[in-house]
Amino acid sequence: MDIDYDIINIKKFNWYDTQAYKFNKDHNNGYIYGYVMWYGNQDLDDTLDNSEDVSWSWFKTEQERDKSFKEQD
């Protein structure tokens, strides 16, 4: 599958919205707010299944996350 790098997807979340906390049983060292960015015209699950380019960014506060998120727009 060819990836269209002109299409950028970005989604905010927190640590407890993900499945990661179920596996790690911790609070990610305080980095509980984040966003994920991926390329192409596909949803995140498909991107993860295909091991395509996915970038995860983590922050300790929602304000830090939101500021960085706005800079990505």
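Modeller: At 3% relative accessibility, Trp-15 is buried, a word used for anything under 20% relative accessible area, with exposed meaning over 50% and partly exposed the range in between (1.4 Å probe, protein chains only). This is a predicted model, in which local features need pLDDT of at least 70, side-chain atom pairs count only at pLDDT 80 or more, and totals for chains, interfaces and linings use all residues. Residues are numbered from 1 along each chain as its sequence is written, and side-chain values use heavy atoms, leaving out hydrogens and water.

Rings of Phe, Tyr and Trp (its six-membered ring) pair if their centres lie within 6.5 Å; planes under 30 degrees apart are stacked, over 60 edge-to-face, and the rest tilted. By this rule there are six aromatic pairs. In one of them, Tyr-5 and Tyr-39 have ring centres 5.2 Å apart and planes at 55°, so the pair is tilted. Tyr-5 lies in the segment before strand E1 (8–14) and Tyr-39 in strand E2 (residues 33–39), 34 residues apart; strands are DSSP runs of E, at least two residues, and helices runs of H or I, at least four, numbered from the N terminus. Tyr-5 is partly exposed at 43% relative accessible area, and Tyr-39 is partly exposed at 26%.

Trp-15 pairs with Trp-58: the centres are 5.3 Å apart and the planes at 65°, so this pair is edge-to-face. Trp-15 sits in the loop between E1 and helix H1 (20–24), and Trp-58 in strand E3 (residues 54–59), 43 residues apart. Trp-58 is partly exposed, at 27%. Phe-13, Trp-15, Trp-56 and Trp-58 form one aromatic cluster.
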